[in-house]
Structures are given as C-alpha cells and as structure tokens.
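Here is a short report on selected residues. Please keep the sequence and structure in view while reading.

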Amino acid sequence: MILDLPDAEATHKLGVTLGRSLPAGTIILLEGDLGAGKTTLVQGIAEGLEIPDSIESPTFTLINEYLSGRIPLYHLDLYRLETEEVEGLHLESYWDGLEMDLGIVAIEWAERLPYKPDNYLQICLSYYDHGRQIELIGDPQLLDWLLQSMISIPVVPE
C-alpha cells in the first residue's frame with residue numbers, strides 16, 4: 001500500500017493513528033533517507049500512546065525506552081551501526097516478550113537488521129518536492145485496517 005503524505009504534519013498524524021490503535025507486540029521497521037520522516041512518525045506514535053516525554057531519535061544512544069504510556073514504546077536507531085554490529089545487540093529481546101513487557105518496537109534504519117522478526121509492519125518513507133510518500137508492507141489484514149483508519153489520507157495508485 002502506498003500513501004501520499006503532503007507534509008510532516010500528515011506524517012505525524014499517521015503516527016498518532018498507529019500509536020492509538022496498534023497492539024503491544026507490534027514491530028515497525030522504518031526505512032528511508034535522512035529527513036524522510038522516520039522520527040516524525042515515531043513522535044506521532046508516542047503521542048498516540050500518550051507518552052508525555054520528548055521523543056528524539058536515539059542516533060547515539062541506539063535505544064530509547066518509553067514506559068510511561070498506555071503500552072511501552074521501544075525506539076531503536078541503527079543508523080551508526082554496521083549490520084555485523086547489530087547482531088550483537090540481541091534486539092529480539094524487544095519483541096519476544098521474555099525479558100521485558102511487550103510494547104511497540106519502532107526501528108529506524110531497519111535495513112541494517114541482519115534478521116527480521118516473524119511479523120512486522122515495514123514502512124518505507126521517501127520525500128519529494130510536494131511532500132512525503134510511504135509504502136506499507138505487512139500482513140494484508142493489518143494493511144486493510146490501516147486503510148480504513150486513515151481514510152482522510154489519499155492513497156497513491158501503484
């Protein structure tokens with residue numbers, strides 16, 4: 001599914017919709033160039049989860065955990081890492097529910113993951129002169145639900 005987002009506000013609004021609706025255990029793999037809107041989307045997700053903290057990209061800290069919302073948000077940024085370095089972080093602990101509470105896991109620069117979880121929503125963001133475009137890849141039922149919940153955002157034909 002491809003969506004056209006006219007500006008950063010629409011990207012943020014999409015994130016709010018996701019944060020209000022997605023269940024604990026959802027893994028979001030975010031891909032896109034610098035400035036494409038990955039962090040803006042995660043800021044919206046945090047708002048939808050009712051997280052009062054300021055959300056910044058964890059480029060240098062790698063992982064920010066926000067536990068004060070309806071459900072936890074785990075925000076990861078793999079920008080500064082090589083694929084081989086990511087493997088040693090054992091990121092699966094964020095989605096297997098064994099070591100911490102299940103939450104929403106949002107991973108920026110997810111293309112650096114050497115492995116992917118079994119189930120995930122992949123969001124590829126790109127920008128152009130008149131806004132942003134995102135491609136959503138994932139379970140067809142989840143994509144249908146997203147389409148229904150975001151009826152005000154125009155869909156770009158493939």
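This is a predicted model: local features need pLDDT of at least 70, side-chain atom pairs count only at pLDDT 80 or more; totals for chains, interfaces and linings use all residues.

Residues are numbered from 1 along each chain as its sequence is written, and side-chain values use heavy atoms, with hydrogens and water left out.

**Accessibility.** Buried means under 20% relative accessible area, exposed over 50%, and partly exposed in between (1.4 Å probe, protein chains only).

| Residue | Relative accessibility | Class |
|---|---|---|
| Glutamine 122 | 10% | buried |
| Methionine 1 | 18% | buried |
| Glutamate 50 | 56% | exposed |

Glutamine 122 sits in strand 6 (residues 121-128); strands are DSSP runs of E, at least two residues, numbered from the N terminus. Its side chain makes a polar contact with the side chain of glutamate 31 at 3.2 Å. Methionine 1 belongs to the segment before strand 1 (2-5). Its C-alpha atom is 8.3 Å from that of isoleucine 134, 133 residues apart along the chain.

**Backbone angles.** Which phi does glutamate 50 have? It is positive, about 65°, although glutamate 50 is not a glycine. Glutamate 50 lies in the loop between helix 2 (38-48) and strand 3 (63-66). Leucine 62 is found in the loop between helix 2 and strand 3. Leucine 62, not a glycine, has a positive phi of about 75°.

Key. Helices (H or I, at least four residues) and strands (E, at least two) are DSSP runs, numbered from the N terminus. A polar contact is a pair of N or O atoms within 3.5 Å; within protein, one must be able to donate a hydrogen and the other to accept it, and residues adjacent in sequence count only if both atoms are side-chain atoms.
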